[in-house]
Amino acid sequence: MNQGQYFKSKANILVVDDTPENITLLTQILSSQGYKVRISPNGKLALESVRSSPPDLILLDIKMPGMDGYEVCQRLKASKQTCDIPTIFISALDANFDKVTAFMLGAVDYITKPFEYVEVLARIENQLRLRRFQLELQAQNAQLQLLLTTTQAISEATDVEEALEAILANVCKTIGWDFGEAWIPNEEGTALEYSRAWYASDVRLNKFRQQSETFGFALGEGLAGRVWLSQQLEWIADVSRENDRIFRRSGIAAEAGLKGSLGIPIGFAKRRGCTIGHQVLAVLVFFQRHEMAPDERSLSLVNAIATQFGSMIQHKKAEAALRQANLELQRLASIDGLTQLANRRRFDDYLSHEWKRAAREQQPLSLILFDVDYFKRYNDCYGHQSGDDCLQQLAKAASRAVKRPADLVARYGGEEFAAILPNTSAEGATAVAQAIRLKVQQLKLPHAQSKVSDYVTLSLGVSSVIPTEDCLPEILIAMADEALYQAKNQGRDRIILKAARTSLTNNP
Ligand SMILES: [Mg+2]
């Protein structure tokens with residue numbers, strides 16, 4: 001019997017006695033008060049009866065042939081499923097009844113024969129009331145525990161999906177449901193989309209998840225869409241009996257062995273001018289393999305969650321948006337507006353970072369500084385707008401030539417560019433410089449005022465060292481700068497290398 005039914009009808013009592021007259025008498029007394037009575041004439045049958053359907057209370061005779069009442073009680077208390085069922089012993093006064101043994105075995109009370117029926121009823125009702133309080137306390141504890149652990153999990157979650165996943169998992173585990181999913185309204189607010197958050201009690205439900213992912217619901221459509229519209233909790237006793245038009249996944253849910261389904265809205269109050277509206281942030285849908293009977297305790301538990309966590313989820317959402325905005329701001333702060341390459345600030349940070357790492361790991365670090373030959377003449381001839389276009393194209397060409405993820409191409413200033421190449425030897429860096437030079441040659445950007453070519457060309461200075469802790473990265477810049485100066489001096493449109501020990505020229 002589930003907890004909801006417990007309050008809707010009188011309790012279910014199992015009477016265990018080997019004397020037919022006792023059974024008849026007790027059945028009459030209890031039935032007249034509206035209790036549902038089951039009987040067992042011996043201990044063995046009593047245990048079977050309890051196992052197949054646990055009663056709310058057991059009246060247990062002690063002297064019985066075969067297994068006596070003490071042993072039955074002992075066995076009930078030894079099992080996790082039956083240990084909490086209140087058991088009252090009934091025994092004849094002359095049967096050498098040991099009250100201490102009865103309590104030690106876990107009985108909650110005892111009644112001596114011959115009994116007064118008012119006393120029997122009073123003792124039973126007393127125990128049932130205690131049991132009810134105990135169940136209520138357990139439920140309240142479970143609710144508090146759930147709220148606590150979920151609150152904790154949400155505050156630790158990094159985004160909305162992770163927070164929803166925490167709710168789904170905690171609810172399913174607490175109430176014993178098999179599957180939980182979350183639907184989130186799309187940005188336009190026109191349809192519900194399947195979120196990344198979900199929980200399944202076992203892997204066999206993964207297929208159901210995959211199939212469900214292809215669904216979407218409009219306002220009022222399907223269980224999720226109806227909950228979205230009504231902003232009220234709603235359940236379906238057995239989805240496999242639903243019309244596919246109403247519950248669009250009934251076929252695949254039935255295939256996955258799912259029956260009971262419950263949808264709850266997660267929302268928060270939102271102020272619009274003078275009125276306070278309610279916005280649904282997500283619809284949670286739970287499934288279980290059993291048919292769902294409306295169960296007050298579970299429903300009040302999920303209701304508590306729906307009202308508690310709406311604002312937390314909203315807060316998470318705002319947090320995530322803020323984080324995204326900060327990332328974008330950071331990105332913008334490190335980007336050169338014209339060329340979309342890393343800017344000088346980012347160049348300085350990255351060089352210093354890579355310098356330290358290379359020193360630690362004793363790996364070579366290389367740098368290429370390059371600029372456009374006769375760029376002032378180019379601007380004078382074609383105008384500044386064309387000059388900017390030229391720089392943009394050069395930036396793209398250089399980016400294509402520098403391939404490794406750790407390499408960084410930056411706008412160093414004006415028409416000057418730089419490439420930082422971690423873990424790259426002098427030879428490797430020279431090869432990259434050649435690649436940049438080649439890509440720019442291939443652009444064939446006309447430069448009528450150049451003294452070295454009909455097209456735009458570059459001069460490139462390459463430096464490469466294995467850094468040491470006591471040196472600063474400025475040395476690498478100074479070397480590349482000197483190499484670039486030499487490239488200019490020696491006639492432009494060429495690459496000059498300055499490595500830590502050797503210095504070689506690499507003319508076209
Ligand atoms: Mg007996």
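Predicted model: local features only at pLDDT ≥ 70, side-chain atom pairs only at ≥ 80, totals over all residues.
Local features require pLDDT of at least 70 and side-chain atom pairs pLDDT 80 or more, whereas totals for chains, interfaces and linings use all residues. Residues are numbered from 1 along each chain as its sequence is written, and side-chain values rest on heavy atoms, without hydrogens and water.

The domain assignment gives domain 1 (3-137), domain 2 (157-326) and domain 3 (344-506). Such bounds come from an automatic or database domain assignment. The centres of domain 1 and domain 3, taken over C-alpha atoms, are 91 Å apart.

A magnesium ion has protein donors from Asp18 (OD), Asp61 (OD) and Lys63 (O). They lie 2.1 to 2.4 Å from the ion. Donors are N, O and S atoms within 2.8 Å of the metal (3.2 Å for Na, K and Ca), and sites may look incomplete because water is not among the atoms. Along the chain the donors follow the spacing D-x42-D-x1-K. Aspartate 18 sits in the loop between β1 (12-16) and α2 (20-32), and lysine 63 in the loop between β3 (57-61) and α4 (69-78), so the pair ties together parts that are 45 residues apart in sequence. Helices (H or I, at least four residues) and strands (E, at least two) are DSSP runs, numbered from the N terminus.

Buried means under 20% relative accessible area, exposed over 50%, and partly exposed in between (1.4 Å probe, protein chains only). Aspartate 18 is partly exposed at 31%. Lysine 63 is exposed at 60%. Aspartate 61 is buried, with a relative accessible area of 3%. Aspartate 61 belongs to strand β3. Its contacts (heavy atoms within 4.5 Å), leaving aside neighbours within four places in sequence, are Val16, Asp17, Asp18, Gly69, Ile90 and Lys113. An unreviewed UniProt entry annotates Asp61 as "modified residue: 4-aspartylphosphate". UniProt positions follow the numbering used here, feature names are shortened, and annotations may be inferred rather than shown by experiment.

Two further residues lie in helices. Serine 49 is placed in helix α3 (residues 43-52). Serine 49 is buried at 16% relative accessibility. Leaving aside neighbours within four places in sequence, serine 49 contacts Leu14, Arg38 and Ser40. Glutamine 211 lies in helix α8 (residues 206-212). Glutamine 211 is partly exposed at 24%. Not counting residues up to four places away in sequence, glutamine 211 touches Ile252 and Glu255.

Helix α16 (residues 474-489) has 16 residues. Its expected span, 1.5 Å times one less than its number of residues, is 22 Å, and its end C-alpha atoms are 22 Å apart, which agrees. Its buried residues are Leu476, Ile477, Met479, Ala480, Ala483, Leu484, Ala487 and Lys488. Their cover includes α12 (344-361), β12 (365-372), β13 (408-413), β14 (416-422), β15 (458-465) and β16 (495-499). Just after α16, glycine 491 takes a positive phi of about 120°.

Zero disulfides are counted, a disulfide being a pair of cysteine sulfur atoms within 2.5 Å. The sulfur of cysteine 83 has its closest cysteine sulfur in cysteine 73, 11 Å away and too far for a bond. Cysteine 83 is partly exposed at 25% relative accessibility. Cysteine 471 is partly exposed at 31%.
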